[in-house]
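Here is a short briefing on aromatic contacts and ring–charge contacts. Please look over the model first.

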Amino acid sequence: MRQESRDVAILHDRFPAMGGGERFAIEAARVLDAPIYTMYVAGDVSVPDDVTIVPIRQEKYTRGLSGRLLEWKNEGMNPLETLSVAVDLTDAHDELAAYDVLLESAPLSKSYVPPVEQTVLHYPHSPPRWLYDLFRERLSEFDYPGVGFALKGYAKAWRTLDKEGNEYVDRFVANSELVRDRIQRYYDREAAVVYPPVTGDWRNEGDDGYFVTWSRLAPEKRIDLIVDAFAGLEERLLVVGDGEERERLERKARGLENVELRGYVPNVENIVSRATAVVYAPKNEDFGLVGAEALTAGKPLIGVNEGYTRHQVVEGRTGIRFDPTVGSLREAVERFDPDDFDAEEIQRFARRYDRSTFAESLLELVNRTHAEAAEKRAAVDADDTKPIRIR
């Protein structure tokens, strides 16, 4: 489907790293032939040459005293930076008001206040999880006198700010059915589902007899659970990725002959192409790009039975599920038989994550949303021109 003649821009909150949200913004920009406006691009982030990225407050967030105060820290847990980005996004950039359609990517982009005639689609990836579905869990990490009460007040204020931006959105777009349900629960708004695209050279080149997992090495990815499970098995496990948990995981894997931490690998597709299966255990994952990439490569997915991951695993067809315990994962690996799965069937299932499917779905949704918004505005204008009868 071709994009109809109109100007489109993308507003992504910031580029502190090249994660799933940033890759989505870049792919959307390619599909829509649109520039990306963002607060800043961190100095160590490499962006592609074929996409126009406009940093709105680059100096403020990356240089001088303000840059040091607003530095992205601890997977984004810098309240001052988050608040500053949200406030700066309210007016963002003067050029944005000239676009007919704005696609907002990531939660803070919703802070932007659009002109009346602009059509706004919002792709949050998820309502902020620390404010909603993970609130109690995050709160329990701060068991200090008075701190819990202060955090509750802080979160309550943030929820008010977060929901304020809902009024500016013509259509919410979710990256999975799970996030669609969160948007309905926490925002009371319906959302269309458009899966983010899988990019890269994902392929199946055989089976060299090892299992693999890869991701950012953060607590919510539960790589430690996977390492502990394989500690009691003979099967070989490769762990690919880097992050805050790396040193702890290396200590855990020390002395285990069947577990190997590879660190960051630029072409992880090569490792996956020769794997027996992929193991994935994230905590209530919103979408799970790793799972989609594994299936695109035609590899069975041994996935945790929660979050969107449970939707990616069709028992006996695309993989097998396990509960988030060492014993359950160990049992799943022991009963796994690669002969039970067909790589081509798995890849057929994964077509829903193709870039072509993403492009078609996104273009259709942008065109339809803009047309519906225009009709709604025209109807309102028509009502305004009706004469007022005074009796």
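Phe211 is buried, at 5% relative accessible area (buried is under 20%, exposed over 50%, partly exposed in between, with a 1.4 Å probe and protein chains only). Phe336 is buried too, at 9%. This is a predicted model: local features need pLDDT of at least 70, side-chain atom pairs count only at pLDDT 80 or more, and totals for chains, interfaces and linings use all residues. Residues are numbered from 1 along each chain as its sequence is written, and side-chain values use heavy atoms, with hydrogens and water left out.

**Aromatic pairs**

- The whole structure holds 17 aromatic pairs (ring centres of Phe, Tyr or Trp, the last by its six-membered ring, within 6.5 Å; planes under 30 degrees apart are stacked, over 60 edge-to-face, the rest tilted).
- Trp130 and Tyr154 are stacked, with 5.8 Å between centres and 25° between planes.
- Trp130 is partly exposed at 25% relative accessibility, and Tyr154 is partly exposed at 32%.
- Phe211 and Phe336 pair edge-to-face, 5.9 Å centre to centre and 70° between the planes.
- That pair links distant parts of the chain, 125 residues apart.

**Aromatic cluster**

- Tyr132, Phe172, Tyr186 and Tyr187 form one aromatic cluster.

**Charges over rings**

- Arg159 places its charged end over the ring of Phe135, 4.6 Å from the centre (the cut-offs are NZ of Lys or CZ of Arg within 6 Å of the ring centre and within 35 degrees of the ring normal).
- The charged end of Arg352 sits over the Phe349 ring, 3.8 Å from its centre.

How values were computed
Helix = DSSP H or I, 4+ residues; strand = E, 2+ residues; numbered from the N terminus.
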